[in-house]
Amino acid sequence: MTREVRESGGGWWCAGVRWPGEVPELGWSRGGRRRVSVLAYGAGLGFRAVGERHCVGARGNVCPLGAVVPGRSTGGRCAECARLDRAHSVAADTMADDPRTYRVYLAWFGPGLVKVGITGEERGAARLREQGAVAFSWLGRGPLMAARRTEEVLRAALGVPDRIPYARKRVERGHLPDTDERAAEVAELYARAAALEGRGWPESLERLPLEVVDQVGIFGLGRVTEPESGPVRAVRELVDGGVVAGRLVAAAGPDLHLAVAGGGVVVLDTRLITGWDLTAESGSDVRVPLIDIGGGGVQGGLF
């Protein structure tokens, strides 16, 4: 267990999973200080939530109200901090004069589950790993507004969304088709998108060649796709005294897949643990409310 979790009773709060490279990290904050814990598949990971969950603030700043936020909130912010964070995001379209280069991508999360999006070129594929994209390809690069315009054209013409709920992504991860099938679906969508060049596609956006990147290996999902060992439950929320502990077998986007006692895998969306004080727990134990993935059944209370 990481030193950061052991010290969390002294005020270290988890900031969730980050993907600066091909290895996931847990971020930690205390006031203006930041730390990271590099995660390793096969290693134990466990903690106990203590007290109440507090707002994580906005844009690196502490919440001035120290507000308590609901356990099921994946945003982890109070209404005011959420508004401030959104106002300064690329999605808010408030930075038309942004001089940076952006990339348009096509992301695949499961059969028929694809989306189009944009990300800053300097970030590389970090955004795709943060979203849990199983496979993807770049489509084009250019100024922010050109990338945004292309995103809108593709959504309308191809009938693909710009957002996919994490719950749907989790369902698909347990039964992924093989690598060739994943690549073929991305390539088919790329061909349809490329055919729109000259028909609403901004001239300032340079089209990039098809190159399908498969991230199953990076995420460790090959370990959990078999029916008998695949993830079947997900953490619904943390509560005071709630424990989540197991062996890390995979990670995708904000989700950690933990093998737990008694068999099976529990998926923890780390957006649910931001703002909690955490203390270390060893072993393999889950005592928080869970929900079946894809089944709709809910296990209430602690067990």
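Residues are numbered from 1 along each chain as its sequence is written, and side-chain values use heavy atoms, with hydrogens and water left out. Because the model is predicted, local features need pLDDT of at least 70 and side-chain atom pairs count only at pLDDT 80 or more, while totals for chains, interfaces and linings use all residues.

**Helix H6.** Select residues 179–194, which form helix H6 (helices are DSSP runs of H or I, at least four residues, numbered from the N terminus). Its 16 residues reach 22 Å from first C-alpha to last, close to the 22 Å expected at 1.5 Å a residue (that is, 1.5 Å times one less than the number of residues). Next, colour Arg-182, Val-186, Leu-189, Tyr-190, Ala-193 and Ala-194, which are buried (under 20% relative accessible area, with a 1.4 Å probe and protein chains only). Viewed down the axis of H6, the buried residues fall within an arc of 135 degrees, so they line one face of the helix (the arc is taken from the directions from the axis to the C-beta atoms).

**Cysteines.** The structure holds 0 disulfides (pairs of cysteine sulfur atoms within 2.5 Å). Select Cys-81: the nearest cysteine sulfur, that of Cys-55, is 3.7 Å away. Cys-81 is buried, with a relative accessible area of 3%. Cys-14 also counts as buried, at 2% relative accessibility.

Finally, select helix H5, residues 166–173. To the lining of the second largest pocket, H5 gives the most, with 3 residues (a pocket is an open set of points on a 1 Å grid over the protein atoms alone, where a 1.4 Å probe fits, with protein on both sides within 12 Å along at least five of seven lines; lining residues have an atom within 4 Å of a point).

Definitions and conventions:
Buried means under 20% relative accessible area, exposed over 50%, partly exposed in between (1.4 Å probe, protein chains only). Helices (H or I, at least four residues) and strands (E, at least two) are DSSP runs, numbered from the N terminus.
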